[in-house]
Amino acid sequence: MTKKTKEGGTPQTGRAIITIIGSDRVGIIAGISNVLAEANVNILDISQSVIREFFTMIMMVDLAGSAISFHALSERLTRKGQELSVRVEIQREEIFKAMHRV
Amino acid sequence: MRHLNFSGEEILETITMVRTEQLDIRTITVGISLLDCVSDHPETLCRNVYEKVERVARDLRRVSAEISEEFGLPIINNRIAVTPVSLIAGRCRPEDLLRVAETLDRAAHAVNVDFIGGFSAHVEKGMTDIDTNLFAAIPQALAKTKRVCASVNVGSTRAGLNMDAIAAMGGIIKRAAELTAAENSIGCAKLVVFCNAVEDNPFMAGAFHGASEPECTVNVGVSGPGVVLRAIKAAGDADFGALAAVIRRTAFKITRAGELVGRTAAARLGLPFGIVDLSLAPTPAEGDSVARILEEIGLDSVGTHGSTAALALLNDAVKKGGAMASSYVGGLSGAFIPLSEDAGMIEAAEHGFITIDKLEAMTAVCSVGLDMIAIPGETPAQTIAAIIADEAAIGMINKKTTAVRLIPAIGKSVGDWVDFGGLLGRAPIVPVNTRSSQRLIARGGRIPSPLQALIN
């Protein structure tokens with residue numbers, strides 16, 4: 001029942017939102033998408049805009065096919081964010097649903 | 001966007017709440033019934049207790065860390081509440097009860113939680129032999145363990161106040177302070193005296209797993225004074241109706257986050273979900289303060305005239321928002337006003353803007369009571385008992401939970417400071433009334449329960 005992924009942990013399900021905050025520059029989408037592709041995480045949607053003076057890129061991703069644990073994915077994204085000098089967060093979609101939808 | 005159901009504004013709001021306004025899940029508290037651990041041999045009892053706590057809570061820390069990462073929400077504490085030890089200890093003598101406390105301490109250590117609550121007794125109507133033995137063991141239990149929290153319920157609206165127990169608690173608090181004098185009398189920070197204690201409170205030091213609770217349960221305590229502060233700052237000079245609406249909306253969002261975390265934790269631990277306790281629980285971090293909220297409502301300093309009214313508004317609006325957000329809001333739910341754990345309170349106490357008398361008045365409308373207040377070490381036991389009696393009377397008459405967690409800091413007097421470190425914070429010693437209450441406390445007996453009619 002609890003099939004383990006390569007790196008251990010329970011298999012990934014559901015969707016997550018990746019938020020990238022920082023200054024706009026070449027290669028941000030490419031860099032982040034690369035990490036996701038390597039982890040076999042499908043991007044469902046991308047938007048970018050300036051919110052409260054921050055350049056903000058928001059991605060909705062599907063974790064279902066992920067080859068790695070949430071923890072590993074989160075670490076890789078954070079590392080990539082540091083390389084690109086932007087802040088990257090990944091959070092399960094449910095937290096936003098809980099807080100902003102009745 | 002086709003898939004994205006949230007606006008960037010909403011997503012950023014959540015992230016800002018966590019990153020800059022200190023929104024967090026204050027505690028995931030696993031409640032564990034120890035009723036099936038009973039044995040007439042203290043040794044067997046201890047073994048059963050250790051095994052059960054270790055078995056049920058083994059995965060708590062791991063699950064909590066996973067959830068924190070996946071939702072991007074810090075989870076500050078992981079804790080355990082157990083059945084009041086007085087209910088499971090049979091004929092234990094005080095020295096046996098000490099071993100039970102040490103066992104709880106070891107079990108908490110084994111599963112890596114910082115506090116375990118439930119070294120407790122309910123004595124509002126009177127004391128059994130085991131209650132008496134537990135009382136006798138409390139000071140040593142607090143001194144000899146690091147993680148065990150004790151609580152005693154000395155009164156209720158239905159039963160009145162047990163003044164004998166209240167008198168005894170004055171002495172026990174003093175004794176606990178003396179035994180831990182070398183560490184700023186920190187033993188007292190782990191001891192709460194309640195009136196109308198609730199059985200599902202996830203917050204320490206007063207958490208225990210009440211006798212009416214199920215086998216095991218997961219309760220969650222959510223905080224977020226910083227988030228409320230930012231929201232009402234943004235509301236500017238709005239009138240009270242608008243202010244209440246802002247607080248309600250914020251409390252709603254915070255509670256929903258708490259419920260999600262609680263339900264997820266419960267599912268992953270294979271335990272039933274209990275309640276969300278939406279309490280604005282401050283920490284010493286600047287911005288994470290209930291006092292600052294009251295000041296933003298319009299006070300120069302917390303403690304001045306108007307503090308009680310501002311707190312009443314805050315406490316009620318928080319409850320209303322929370323109650324709309326979750327079917328199972330429980331625990332203490334409201335606003336906490338601990339002194340040493342709140343930067344704004346500490347500042348007000350330092351300047352003498354807030355006194356223990358004003359704090360007492362504010363507890364009539366806050367969610368708990370006189371909390372984490374350091375008083376002179378030489379305060380007589382009878383005076384401490386009388387402070388407890390006052391506070392319990394407020395709870396009894398107003399049908400609410402009240403509590404006392406006082407620290408008579410041994411060897412210190414007004415003007416000195418105590419520093420407990422971490423979330424327990426630091427506090428200046430505040431003065432108490434020096435006129436004696438000795439005759440009141442010496443009378444003994446019970447203060448009868450109040451009328452439930454003629455309620456003015």
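Modeller: Two residues are in contact if their C-beta atoms, placed from the backbone, lie within 7 Å. This is a predicted model, where local features need pLDDT of at least 70 and side-chain atom pairs 80 or more, while totals for chains, interfaces and linings use all residues. Residues are numbered from 1 along each chain, and chains are lettered from A as written.

Colleague: Which residues in the largest nonpolar core touch the most other members?

Modeller: A nonpolar core joins buried Ala, Val, Leu, Ile, Met, Phe, Trp, Tyr and Cys residues through C-beta atoms within 7 Å, buried meaning 20 or more other C-beta atoms within 10 Å. The largest one has 186 residues, and α8(B) gives the largest share, 11 residues. Touching the most other members are Val154(B), Ile166(B), Met169(B) and Ile388(B).

Colleague: Are α3(B) and α8(B) parallel or oblique to each other?

Modeller: The axes (lines fitted to C-alpha atoms over the stretch in contact, with angles from 0 to 180 degrees between N-to-C directions) come within 10 Å and cross at roughly 135 degrees. Under 35 is roughly parallel, over 145 roughly antiparallel, 65 to 115 roughly perpendicular, and the rest oblique. The two helices are therefore oblique.

Colleague: Which element gives the most to the side of chain B that touches chain A?

Modeller: The contact takes 22 residues from chain B and 23 from chain A. Elements of chain B giving two or more residues are α1, α3 and α8. With seven residues, the most comes from α1(B).

Methods: Helix = DSSP H or I, 4+ residues; strand = E, 2+ residues; numbered from the N terminus. Buried ≥ 20, exposed ≤ 12 C-beta atoms within 10 Å, placed from the backbone.
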